[in-house]
Amino acid sequence: MYDVFITKASTYLPNNPVSNDEMETYLGLINDAPSKAKSLILRNNKITTRYYALDKEGNPTHTNAQLTAKAVEGLFDENFKKEDMKLLSVGTTSPDQMQPSHASMVHGELNIGKSIEINTATGLCNSGMNALNYGFLSVKAGVNENAVCAGSERMSAWMTADKFNHEAENLKALEERPIVAFKREFLRWMLSDGAGSFLLQNKPRENGISLRIDFIDFYSYAHEIEACMYAGCDKQEDGSLKSWADYPSDEWLKQSIFAIKQDTKILDKYILVKGAESLRSSFDKHNLDPEKIDHVLAHISSGYFKDGLKEEFAKKGMDFPAEKWFYNLSEVGNIGAGSIFIALEELMNSGKLKKGEQVLLCVPESGRFAYSCALLTVC
């Protein structure tokens, strides 16, 4: 078994940062009317800028595969050329198509000129960590001497006004069932685009920062809790999900079956407490001392959860001081599967890391409440 190191990280954020006031310029006005929910949601999520793979007319500028390829290309240098890559493992919530796989499309964009092993992890925020874990285990077992892992999203294409105009055509219906409209609009003001990537190798780099991956753990609570974030289906009264394939095609648009939705009541009830519960399990499993953690990178979908997460961790005996937490949510937005890659890339290049320090990664997924965490050691 080999030690595995993140020897380089790269981020790609498309176009220019988009301010809160500009969002509807890019995404469009639903039925030509400004959103009533936007200001409340933005006030709570505390995101001030984000990135869209769109121009100001709402036209796409990049595919998800192109965003991911751009992030991966940032890993190539004189010490690691593209033809040196053995494994490409990628995760996303928002692939450009159902098939072929996202990894196949990224491989095609990279123009490597040779066959390589590929892996696609699908799902929500944890798909990036799933992709990282596949690469980690492959290098650790000696199957491959290196792996390129990436997390990415292109959610803007899901959120343009034309996807929602039919929702507002009958204002009476909206007034009768406002919670349905909110579930479908909520994420319009939460999600953004971008990609991050890591190079994993079985030796640290001689010059520069490398991070040894000590472990990656995963936890699912789907056996306890119904779905909270979902798309390509709709939730029934009993909490079950009815697939798009079980609806007549003329209902797909009428009921926004393919829109990504969030059950905010369930989100508030479980997202923090289960996150603390899962992290406590990892600390007990690996006999970790919270005081020896030097940096905490927790992916959060909204600044609304920032203080609450710290409090829930403290209740479980993991009281990390405020100065140990690292966030870049307000500047880059919520990039789902790519967020933890993009945050760690910024920290790696910040000059703040010192040899021997421990970095904790925490990623929640509200789909049906799944969590991951990883411990890294600075080399």
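Which residues lie nearest the centre of the largest pocket? They are Thr93, Trp158, Ala231, Gly232 and Phe258, out of 42 residues that line the largest pocket. Keep in mind that you're looking at a predicted model. The chain is assigned two domains, domain 1 (4–212) and domain 2 (213–378), and the largest pocket lies between them, because both give residues to its lining.

- The centres of domain 1 and domain 2, taken over C-alpha atoms, are 16 Å apart. On the domain 1 side 56 residues take part in the contact, and on the domain 2 side 54 residues do.
- UniProt has an unreviewed entry for this chain that lists "domain: Thiolase N-terminal" at residues 65–165. That span is 34% helix and 20% strand, and its end C-alpha atoms lie 28 Å apart.
- UniProt also lists, again from an unreviewed entry, "domain: Beta-ketoacyl-[acyl-carrier-protein] synthase III C-terminal" at residues 284–364. Here the chain is 32% helix and 14% strand, with 19 Å between the end C-alpha atoms.

**The largest pocket**

- The space in the largest pocket comes to about 1,100 Å³. Strand E5 (117–122), strand E9 (229–230) and helix H8 (249–254) are the elements that give two or more residues to its lining.
- Sorted by class, the lining of the largest pocket has 21 nonpolar, 14 polar and 7 charged residues.

**The cavities**

- How do we spot gaps like these? Rolling a probe the size of a water molecule over the atoms shows where empty space is left.
- Searching the whole structure turns up 2 cavities of 30 Å³ or more.
- The largest cavity has a volume of about 380 Å³. Its lining is made of 35 residues, and Ile271, His299, Ser301, Pro364 and Glu365 lie nearest its centre.
- Helix H9 (264–285), helix H10 (306–315), E14 and E15 each supply at least two residues of the lining of the largest cavity. H9 gives the most, with 6 residues.
- In the lining of the largest cavity you'll find 23 nonpolar, 10 polar and 2 charged residues. Domain 1 and domain 2 each provide at least three residues of this lining.
- The second largest cavity has a volume of about 110 Å³. Lining it are 14 residues, with Ala298, His299, Asn328, Ser339 and Ala343 nearest its centre.
- Strand E13 (295–298), helix H11 (329–332) and helix H12 (339–348) are the elements giving two or more residues to the lining of the second largest cavity. H12 has the largest share, 4 residues.
- The lining of the second largest cavity has 10 nonpolar residues, 4 polar ones and no charged ones.

- Most residues other than glycine have a negative phi, and most peptide bonds are trans.
- Gln99 and Pro100 are joined by a cis peptide bond, with omega at about 0°. Look for Pro100 in the loop between strand E4 (87–92) and helix H4 (102–110).
- Asp32 isn't a glycine, yet it has a positive phi, near 65°. You'll find Asp32 in the loop between helix H1 (23–27) and H2. Asp32 counts as exposed because its relative accessibility is 69%, and the cut-off is over 50%.
- Phe369 also has a positive phi, near 65°, and sits in the loop between strand E14 (358–365) and strand E15 (370–378). Phe369 counts as buried because its relative accessible area is 0%, and the cut-off is under 20%.

- Is Lys38 buried or exposed? Lys38 is buried, since its relative accessible area is 11%. Lys38 lies in helix H2 (residues 38–45), and leaving aside neighbours within four places in sequence, it is in contact with Asn20, Asp21, Glu24 and Trp189.
- Ala195, in strand E7 (residues 194–201), is buried with a relative accessible area of 0%.
- Apart from neighbours within four places in sequence, the contacts of Ala195 include Ser10, Leu67, Gly151 and Ile342.
- From Ala195 to Leu241 is 46 residues in sequence, and their C-alpha atoms are 29 Å apart in space.

How values were computed
Residues are numbered from 1 along each chain as its sequence is written. This is a predicted model: local features need pLDDT of at least 70, side-chain atom pairs count only at pLDDT 80 or more; totals for chains, interfaces and linings use all residues. Side-chain values use heavy atoms; hydrogens and water are left out. On a 1 Å grid over the protein atoms alone, a cavity is a set of points where a 1.4 Å probe fits but cannot get out, and a pocket is an open set with protein on both sides within 12 Å along at least five of seven lines; lining residues have an atom within 4 Å of a point. Grid points are joined across faces, edges and corners, and a volume is the space filled by probe spheres set on the points. Ala, Val, Leu, Ile, Met, Phe, Trp, Tyr, Cys and Pro count as nonpolar, Asp, Glu, Lys and Arg as charged, and the others, Gly among them, as polar. Domain bounds come from an automatic or database domain assignment. Buried means under 20% relative accessible area, exposed over 50%, partly exposed in between (1.4 Å probe, protein chains only). Contact means heavy atoms within 4.5 Å. UniProt positions are given in the numbering used here, feature names are shortened, and annotations may be inferred rather than shown by experiment.
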